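Have a look at the sequence and the 3D view first, and then read on.

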Amino acid sequence: MIDEREQDLLELLNSAPVVDGRIVETLDDPETARLRDALHAVIRGEAEAGVLSPYLEGVRRRPVVTSSGIEWVLDAPEPARGRAELVLEWARVQEELPGRLRPCANPECNKFLIDHSKPNTARWCSMAGCGNRMKARRHYARRLA
Ligand SMILES: [Zn+2]
């Protein structure tokens, strides 16, 4: 259900995790890190989607004939092409899965999730990580109250 491109997009979005209360940069390429930060701001509603347009500048889609028909490839030099593909994947998720790409509900987490569940109620980047941590915190808070 989750395809490779969607996985790549999530990997980019989750490439600045919080470790010991601090955001840790895991990307070597500063331009890709800037794209990630721009996507974070757009998804959180802190920036207009237009901040992403520089990443699509000069990018064209070109049809290529293959044995199974036509395939559309992006015409752009690397590494711009890779970044453009990530923006296009973000746009596809926006269109096909509206409202399902969102930040993790743990306010101390800097990760995102794409909710594929039918009721669209997933809240955590991972149930094992933030899900359990937040549950334990609520449980502890109730015991104190
Ligand atoms: Zn999380």
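Let's start with a definition: a residue counts as buried if 20 or more other C-beta atoms lie within 10 Å of its own, exposed if 12 or fewer do, and partly exposed in between, with C-beta atoms placed from the backbone. Keep in mind that this is a predicted model, where local features need pLDDT of at least 70 and side-chain atom pairs count only at pLDDT 80 or more, while totals for chains, interfaces and linings use all residues. Residue numbers run from 1 along each chain as its sequence is written.

P63 has 10 C-beta neighbours inside 10 Å, so it counts as exposed. R123, with 15 such neighbours inside 10 Å, counts as partly exposed. You'll find P63 in strand β3, whereas R123 sits in the loop between β6 and α4 (127-144). Helices here are DSSP runs of H or I with at least four residues, strands are runs of E with at least two, and both are numbered from the N terminus.

Here is how far each of the two lies from another residue, C-alpha to C-alpha:

| Pair | Apart in sequence | Apart in space |
|---|---|---|
| R123 and R142 | 19 residues | 20 Å |

**The whole protein**

Zooming out, the protein has four helices and six strands. Along the sequence they come in the pattern α-β-β-α-β-β-α-β-β-α. Taken along the principal axes, the C-alpha atoms fill a box of roughly 65 × 35 × 25 Å. Of the 145 residues, 13% are buried. Two residues are in contact if their C-beta atoms, placed from the backbone, lie within 7 Å. Among contacts between residues at least 6 apart in sequence, 42% join residues at least 24 apart.

**Strands β3 and β4**

β3 (residues 60-66) pairs with β4 in the antiparallel sense over seven bridges; strands pair if DSSP finds at least two bridges between them. A hairpin of two residues joins β3 to β4, and V64 stands opposite E71 in β4. Setting aside neighbours within four places in sequence, P63 is in contact with I70 and W72. How many of the seven residues of β4 (residues 69-75) are buried? The number is zero, so β4 lies largely in the open.

**Helix α1 and its partners**

Now for the helices. α1 (residues 4-13) and α3 (residues 80-96) pack at an angle of about 105°, with their axes 9 Å apart. That makes α1 roughly perpendicular to α3, a label used for angles of 65 to 115 degrees. The axes are lines fitted to C-alpha atoms over the stretch in contact, and angles run from 0 to 180 degrees between N-to-C directions.

Where they touch, R5, E6, D8, L9 and L12 in α1 meet E85, L86, E89, W90 and V93 in α3. By class, this contact of α1 with α3 has five nonpolar, no polar and five charged residues. Ala, Val, Leu, Ile, Met, Phe, Trp, Tyr, Cys and Pro count as nonpolar, Asp, Glu, Lys and Arg as charged, and the others, Gly among them, as polar.

Which residues of α1 are buried? They are L9, L12 and L13. These residues cover an arc of only 100° around the axis, which puts them on the same side of α1; the arc is that of the directions from the helix axis to the C-beta atoms. On the other side of α1, E4, Q7 and E11 are exposed. The buried residues of α1 pack against α2 (30-43), α3 and β6 (112-114).

Technical notes: Parallel < 35°, antiparallel > 145°, perpendicular 65-115°, else oblique.
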